[in-house]
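This briefing is meant for a reader who is meeting the structure for the first time. Please look over the sequence and the model shown below, and then follow the points topic by topic.

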Amino acid sequence: MTDIYLAGGCFWGTEHYLKQIRGVAETTVGFAGGTIKAPTYEQVYTDTTGHAETVHVRFDEQLLPLRDLIELYFHSIDPVSLNRQGHDEGTRYRTAIFYTSEEQLPVIREVYDSVQAAYGRPLCVEVLPFTAFYAADESHQDYLDKHPDGYCHLPAEMFAYARAHRSM
């Protein structure tokens, strides 16, 4: 299994999207990229901790190559919006890829550069080495499974898109 940490706006929808993809074995929502240890949801919500709502993704690279996962991630975000995804605004909703090994970086960069070329302008997606991740409390884990009508910045079609990649 391989690990990567992806911030794509509100972690409820990002997690639900990612866990639909064939080869994703496990997801955990939490916080990464900030300056304080073990922040609470309430602290992160103030936009003063530097943390982004992030999903820890454990995946099987035999079933889901990193390149495919990163391409699917980019499909789920607006990569040119700074600190905003959907109606959610603030630094906690920024987009970021926290890689866990130097071997991941060339693949991430290649996909990043391809997406940037398609947009024709700089992306607002941070690409950073993983340093720390703090899981959110249980009420946030698998939120949209527990609350199917709960808030989500992603349209339902995105989940169908992710599920369609199960058969590939």
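Asp47 has a relative accessibility of 29%, which lies between the limits of 20% for buried and 50% for exposed residues, and therefore Asp47 counts as partly exposed. In this predicted model, Asp47 sits in the loop that joins α2 to β3 (52-59), and its phi is positive, at about 60 degrees, although Asp47 is not a glycine.

**Another residue with positive phi**

- Ala38 is likewise not a glycine and yet has a positive phi, in this case of about 50 degrees.
- The place of Ala38 is the loop between β2 (24-32) and α2 (41-45).
- Because its relative accessibility is 52%, and exposed means over 50%, Ala38 counts as exposed.

**Overall fold and dimensions**

- The protein chain is built with six helices and eight strands, which follow one another along the sequence in the pattern β-α-β-α-β-α-β-β-β-α-β-β-α-α.
- The radius of gyration of the protein chain is 15 Å, close to the 15 Å that the globule rule gives for 168 residues, so the chain is as compact as a globular protein of that length.
- Taken along the principal axes, the box filled by the C-alpha atoms of the protein chain is roughly 40 × 35 × 30 Å.
- Among the contacts in the protein chain with a separation of 6 or more, 77% are between residues 24 or more positions apart.

**Surface and charge**

- Of the 168 residues in the protein chain, 49% are buried, while the accessible surface comes to about 8100 Å², with 51% of that area belonging to carbon and sulfur atoms.

**Nonpolar cores**

- In soluble globular proteins, nonpolar side chains tend to be buried together.
- The largest nonpolar core here holds 43 residues, and within this core Ile4 and Phe74 touch the most other members.
- Helix α3 (residues 66-76) gives the most to this core, contributing six residues.
- When neighbours within four places in sequence are left aside, Phe74 is in contact with Pro79, Ile97, Val111, Tyr112, Val115, Leu123 and Val125.
- Another core lies apart from the largest one and consists of seven residues, including Tyr5, Ala32, Phe98 and Phe133.

**Helix α1**

- Eight of the nine residues of helix α1 (residues 11-19) are buried, so this helix is largely enclosed by the rest of the structure.
- The buried residues of α1 are Phe11, Trp12, Gly13, Thr14, Glu15, His16, Tyr17 and Leu18.

**Arg84 and its surroundings**

- Arg84 belongs to strand β4 (residues 84-85), and because its relative accessibility is 33%, Arg84 counts as partly exposed.
- Leaving aside neighbours within four places in sequence, the residues in contact with Arg84 are Glu89 and Tyr93.
- Between Arg84 and Thr95 there is a separation of 11 residues in sequence, and their C-alpha atoms are 8.2 Å apart in space.

Key:
Residues are numbered from 1 along each chain as its sequence is written. This is a predicted model: local features need pLDDT of at least 70, side-chain atom pairs count only at pLDDT 80 or more; totals for chains, interfaces and linings use all residues. Side-chain values use heavy atoms; hydrogens and water are left out. Helices (H or I, at least four residues) and strands (E, at least two) are DSSP runs, numbered from the N terminus. The radius of gyration is taken over C-alpha atoms; the globule rule is 2.2 Å times the number of residues to the power 0.38. Buried means under 20% relative accessible area, exposed over 50%, partly exposed in between (1.4 Å probe, protein chains only). Contact means heavy atoms within 4.5 Å. Accessible areas come from the Shrake-Rupley method with a 1.4 Å probe; for residues, only the protein chains shown count as cover. A nonpolar core is a set of buried Ala, Val, Leu, Ile, Met, Phe, Trp, Tyr and Cys residues joined through side-chain atoms within 4.5 Å.
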